[in-house]
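Dear colleague,

Please find below the structure that I am handing over to you, followed by an account of what was found in it.

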Amino acid sequence: MTKTFSGFSVEKTTIEEFNKHVPRGYRFRKIREYLKDMGTNTIIKPRNAKDVAIYPIRLSQADNAKINDIVHFNSQEGIKLSGSDIITFIIGEINEHQIRVRDTMNTSFIIDESVYLDLIKALKGSTINLSFEEYVLNDYKDPNIEYILTHKPVKKKTMPMLLDKAVIKKLDDIKGKIATETGKNIPRSNLFRDVISQMIGHLNNSDEEITQLQNRILDDFESLNSIGGHEAIKEIIDNIKHNYSLKN
């Protein structure tokens, strides 16, 4: 489903809290999932917005239609809302309720040192444990059997982790299925290495990388608008259309 890029005005403190608790690559999903489950009759208190930033996100036609329906319902109730009010409400609700109750255990795995460095780079500051858990629970669906059975670390690095027992259970269930299919009982570390390998690709292909750049551009546009006004913005847009063959 095609998604279009939109920017919403959200308080900076709300964004900072959201980014702190939700791993990179899962933030947009959390917003879309919450929006999908929202009733169009949800009453939302208008904000008194202060110190805001533009929060960019890609939304489908259905997402945008849902936002418009919520705005319309609140309007009928005498409440004037914008799409930014709704996105701010959603992020605030996620900040309050999104954190899973984790029953954790300490474990460790052996991986390639080079792969570990690639993972740190791909995470861009996000917490390893939470990002790993989110990936296993939501996105790890097609284990690479050949990689799991044959890959051996060249330069070994021990990676200690504090993981939710639900994540360990899912990995062990997958490990059991692989053992049944192949007749080989593999160590948990072998499966872990495949998770990390695929997770790096997932993070590197995340559309959040794009929106971080778009967010920076939007901030620059705000600054340009405050200094040069509408004409300065129009000149930049005309240049972009010309240089990149864009059409209205």
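**Findings from the predicted model**

Thr-14 is buried, since its relative accessible area is 17%, and a residue counts as buried under 20%. Please bear in mind that the model is a predicted one. Thr-14 belongs to helix H1, which covers residues 12-21. Apart from neighbours within four places in sequence, the contacts of Thr-14 are Thr-88, Ile-91, Gly-92 and Asn-95.

Tyr-34 lies in helix H2. Its relative accessibility is 27%, so Tyr-34 counts as partly exposed. Once neighbours within four places in sequence are set aside, Tyr-34 touches Phe-89, Ile-90, Glu-93 and Ile-94.

I turn next to the interior. In soluble globular proteins, nonpolar side chains tend to be buried together. Here the largest nonpolar core has 52 residues, and Ile-31, Leu-119 and Phe-132 have the most contacts inside it. Helix H9 (residues 188-204) supplies the largest share of this core, namely seven residues. Leu-119, with neighbours within four places in sequence left aside, is in contact with Ile-128, Met-159, Ile-196, Met-199, Ile-200 and Leu-203.

The packing of two helices also deserves a description. The axes of helix H5 (residues 113-123) and H9 come within 9 Å and cross at roughly 30°. Angles under 35 degrees count as roughly parallel, and H5 and H9 are therefore roughly parallel to each other. The crossing of H5 with H9 is left-handed. On the H5 side, the contact is made by Val-115, Asp-118, Leu-119, Ala-122 and Leu-123, and on the H9 side by Ile-196, Met-199, Ile-200, Leu-203 and Asn-204. By type, the residues of this contact are eight nonpolar, one polar and one charged.

Finally, there is a point of backbone geometry. Most residues other than glycine have a negative phi. Asp-51, however, has a positive phi, near 50°. Asp-51 sits in the loop between helix H2 (27-37) and strand E2 (52-60). With a relative accessible area of 52%, Asp-51 is exposed, because the cut-off for that class is over 50%.

Yours sincerely

Terms used:
Residues are numbered from 1 along each chain as its sequence is written. This is a predicted model: local features need pLDDT of at least 70, side-chain atom pairs count only at pLDDT 80 or more; totals for chains, interfaces and linings use all residues. Side-chain values use heavy atoms; hydrogens and water are left out. Helices (H or I, at least four residues) and strands (E, at least two) are DSSP runs, numbered from the N terminus. Buried means under 20% relative accessible area, exposed over 50%, partly exposed in between (1.4 Å probe, protein chains only). A nonpolar core is a set of buried Ala, Val, Leu, Ile, Met, Phe, Trp, Tyr and Cys residues joined through side-chain atoms within 4.5 Å. Contact means heavy atoms within 4.5 Å. Axes are lines fitted to C-alpha atoms, for helices over the stretch in contact, and angles run from 0 to 180 degrees between N-to-C directions. Angles under 35 degrees count as roughly parallel, over 145 as roughly antiparallel, 65 to 115 as roughly perpendicular and the rest as oblique. A crossing is left-handed if the near helix is turned anticlockwise from the far one by less than a right angle, and right-handed if clockwise. Ala, Val, Leu, Ile, Met, Phe, Trp, Tyr, Cys and Pro count as nonpolar, Asp, Glu, Lys and Arg as charged, and the others, Gly among them, as polar.
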